[in-house]
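Hi,

Here is the structure we talked about, ready for you to open.

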Amino acid sequence: FFSVSGRLIMSSLKKLCLLACLGLSLSVKMDSYKQGEAFDKCITIADWEGKELGDDITLSDRDSNGCCPTGTVPGVKHYSKYVGAQVVCGFKSDGTLSFSTSKSNGVATCTYNQCYVWKQNIECASGHQRLNGCCAAKDDCATNNCGFKDGCKNYAYSMTNAHGDKSEYCLTYNKNYKMEYTSDTSDDQKDGALDITKVYQYTACEDDHDHDHD
């Protein structure tokens, strides 16, 4: 009896250790992050393209070379002047943007710089915006034809990670747009967070005001 119980306990401990070592979490919602909070994990491409802020997703850790594992993304490089995906990367301490990956002799190296959560939760024609900023699945999403409501314009782009995996993301802006906030990037980041009310951008599409953005 004790031998069987001991083996069961050891098996459970090994599984827990494996999850911890891999940096996996089975019930994480991006909703649980604060607006502008720093983000240093990796999101599966399936979750990136298919899940909303309030959905359970699986996160993993970056490797020792700074890269996200195969089949995952850290977010996407912030596209200057546009609101885009709900996790954006590339922010350096001097206010400039840089995001790079490379591969040599089969070994990938990545410099994502700082990533942040930028919650928008735009209401789509059906449901709400996905983590990648789009309102529809990749096969049904194109520029200005991606399931957004009237008045919300979009661009649809793809990115490739260090392992050659492709994923989609969207940029959005209000059809009645102007430039918002200031072009000075020195105040965009403060106390380890991104202040989205300081980031120079085209007028954003209306978000879901009933959604918690704190």
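Which residues lie nearest the centre of the largest pocket? They are Tyr181, Gln201, Ala204, Cys205 and Asp207, out of 19 residues that line this pocket. Please keep in mind throughout that this is a predicted model.

The space in the largest pocket comes to about 290 Å³.

You'll find tyrosine 181 in the loop between strand S13 (179-180) and strand S14 (189-190). With a relative accessible area of 45%, tyrosine 181 is partly exposed, because that value falls between the 20% and 50% cut-offs. Its phi is near 65 degrees, which is positive even though the residue is not a glycine. As background, most residues other than glycine have a negative phi.

Asparagine 121 also has a positive phi, near 55 degrees, and is likewise not a glycine. This asparagine sits in the loop between S10 and S11. Is asparagine 121 buried or exposed? At 6% relative accessibility, asparagine 121 counts as buried, since the limit for that is under 20%.

**The chain overall**

The protein chain has two helices and 16 strands. It runs to 214 residues, and 39% of them count as buried. If you take the contacts between residues at least 6 apart in sequence, 63% of these join residues at least 24 apart. The chain exposes about 11500 Å², with carbon and sulfur atoms supplying 49% of that area.

**The cores**

The largest nonpolar core has 30 residues, and the ones that touch the most other members are Met30, Phe39, Ile43 and Trp48. The elements that each give two or more residues to this core are strand S3 (42-44), helix H2 (45-50), strand S4 (57-60), strand S7 (87-91), strand S9 (107-111), strand S10 (114-117) and strand S12 (166-174). S12 gives the most, with three residues.

If you click on tryptophan 48, you can see how far along the chain its partners come from. Leaving out neighbours within four places in sequence, tryptophan 48 is in contact with Ile43, Val73, Gly75, Val76, Ala85, Val87, Arg130, Leu131, Asn132, Ser167, Glu168 and Tyr169.

How many cavities of 30 Å³ or more does the structure hold? There is one, and the largest cavity has a volume of about 40 Å³. Its lining is made up of Val76, Lys77, His78, Tyr79, Tyr82, Gly84, Ala85, Val88, Tyr169 and Leu171. By class, that is seven nonpolar residues, two polar and one charged. Strand S6 (76-77) and S12 each supply at least two residues of this lining.

Histidine 78, one of the lining residues, lies in the loop between S6 and S7. At 7% relative accessibility, histidine 78 counts as buried. Not counting residues up to four places away in sequence, histidine 78 touches Val88, Cys89, Phe91, Leu97, Trp118 and Val199.

**Two more residues to look at**

Histidine 128 is in the loop between S10 and strand S11 (152-160). Histidine 128 counts as partly exposed, at 22% relative accessibility. Its C-alpha atom is separated by 9.6 Å from that of glycine 147, which is 19 residues away along the chain.

Lysine 166 belongs to strand S12. At 59% relative accessibility, lysine 166 counts as exposed, because the cut-off for that is over 50%. Leaving aside residues up to four places away in sequence, lysine 166 touches Ile45, Glu49, Met159 and Thr160. The C-alpha atoms of lysine 166 and valine 73 are 9.5 Å apart, although 93 residues separate the two along the chain.

That's everything from my side.

Cheers

Notes:
Residues numbered from 1 in each chain as written. Predicted model: local features only at pLDDT ≥ 70, side-chain atom pairs only at ≥ 80, totals over all residues. Heavy atoms only, no water. Helix = DSSP H or I, 4+ residues; strand = E, 2+ residues; numbered from the N terminus. Buried < 20%, exposed > 50% of the residue type's maximum accessible area, 1.4 Å probe, protein only. Contact = heavy atoms within 4.5 Å. Areas by Shrake-Rupley, 256 points an atom, 1.4 Å probe, with all protein chains shown as cover. Core = buried A, V, L, I, M, F, W, Y, C linked by side-chain atoms within 4.5 Å. 1 Å grid on protein atoms, 1.4 Å probe; cavity = no way out; pocket = protein on both sides within 12 Å on 5 of 7 lines; lining within 4 Å. Points joined across faces, edges and corners; volume = space filled by probe spheres on them. Nonpolar A, V, L, I, M, F, W, Y, C, P; charged D, E, K, R; others polar.
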